[in-house]
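Hello,

Here is the structure I promised to pass on. Please open it and follow along with the notes below.

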Amino acid sequence: MRPKKMAERFMISASTIRNYEAKGLIPPAERSSNGYRIYTDLHAAYLSCIQAMAQPFGMELTAEVLHCLHQNKPQNAMWIIREKEIVLYEEKEKLERLIEDIRIYSNEDKSPYAGEPFTIDEASELTQASTSAIRYWDRAGYVIADRDPANRYRQYSGSHLLKIRLIQMLQNSAYSEDTVNFRQSIAATEHTDLQGVMEVAENIRIYLDKILESQMRGISCLYELIQFTKA
């Protein structure tokens, strides 16, 4: 198949396919007698896999997986994917715990964090976010700390910590329009607006469910590609 036809099939440009070839993501194309690239069903299988995996796993990991296939190491490729699946499951578990803590904090008037307000070091220890990350999120407007009137040091309430945990949920996600929108929503929601914080958290849960479905589609395409290369 000529480059233009293959590009039309996958709704991408011919230059994108050439770029994939140059980066070793798809096998080198053979050339016709007049020098044109000729792409085969094998190339189509690679392109299908790239499109299915790029959104849930990111292009960097997708490239790593495909390079394993080129090196005839399909097991390595599958283990790389399995590790990413585990990360998604752990993120889902963390989000469920966060949603429950938001519910307790807002509905039962019981803080999951005794002894507030907290210093930035205490906030870091309780949320497992680095102090540098917390300071960055403060400057960026995601989680704006209160200030001690005596010394102007940052102070954090339990609701601040809940919001810190919320922004953490996006740290392992591949960059996308969705993650950008979530960050904007977090920045626009006051830490005292627990209903708003809960709404963002529940939307992230829906997003993780969609990522799970996308991962399954990507894994299916990867498995088909592995079988194709074996054949």
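Which side chain does the side chain of Asp-148 join in a polar contact? The partner is Gln-155, at 3.5 Å. Keep in mind that this is a predicted model.

Start with Asp-148. You will find it in the loop between β3 (146-147) and β4 (154-155). Asp-148 is buried, yet it has no salt bridge. The nearest side chain of opposite charge is that of Arg-152, 7.8 Å away. A salt bridge needs the charged atoms within 4 Å. Leaving out residues up to four places away in sequence, Asp-148 touches Tyr-153 and Gln-155.

Next, look at two helices. Helix α8 covers residues 158-168, and helix α9 covers residues 177-188. Their axes lie 10 Å apart, and the helices pack at an angle of about 170 degrees. Angles over 145 degrees count as roughly antiparallel. So α8 and α9 are roughly antiparallel to each other. Where they meet, α8 brings Lys-163, Leu-166 and Ile-167. From α9 come Arg-183, Ile-186 and Ala-187.

Last, go to Arg-205. This residue sits in helix α10 (residues 194-230). Arg-205 counts as partly exposed because its relative accessibility is 24%. Its side chain makes a polar contact of 3.0 Å with the side chain of Glu-96. Setting aside neighbours within four places in sequence, Arg-205 is in contact with Lys-92, Leu-95, Glu-96 and Ile-99. Ile-219 is 14 residues from Arg-205 along the chain, and 21 Å separates their C-alpha atoms.

Best wishes

Note on methods: Residues are numbered from 1 along each chain as its sequence is written. This is a predicted model: local features need pLDDT of at least 70, side-chain atom pairs count only at pLDDT 80 or more; totals for chains, interfaces and linings use all residues. Side-chain values use heavy atoms; hydrogens and water are left out. Helices (H or I, at least four residues) and strands (E, at least two) are DSSP runs, numbered from the N terminus. Buried means under 20% relative accessible area, exposed over 50%, partly exposed in between (1.4 Å probe, protein chains only). Lys and Arg count as positive and Asp and Glu as negative; His and the chain ends are not counted. A polar contact is a pair of N or O atoms within 3.5 Å; within protein, one must be able to donate a hydrogen and the other to accept it, and residues adjacent in sequence count only if both atoms are side-chain atoms. Contact means heavy atoms within 4.5 Å. Axes are lines fitted to C-alpha atoms, for helices over the stretch in contact, and angles run from 0 to 180 degrees between N-to-C directions. Angles under 35 degrees count as roughly parallel, over 145 as roughly antiparallel, 65 to 115 as roughly perpendicular and the rest as oblique.
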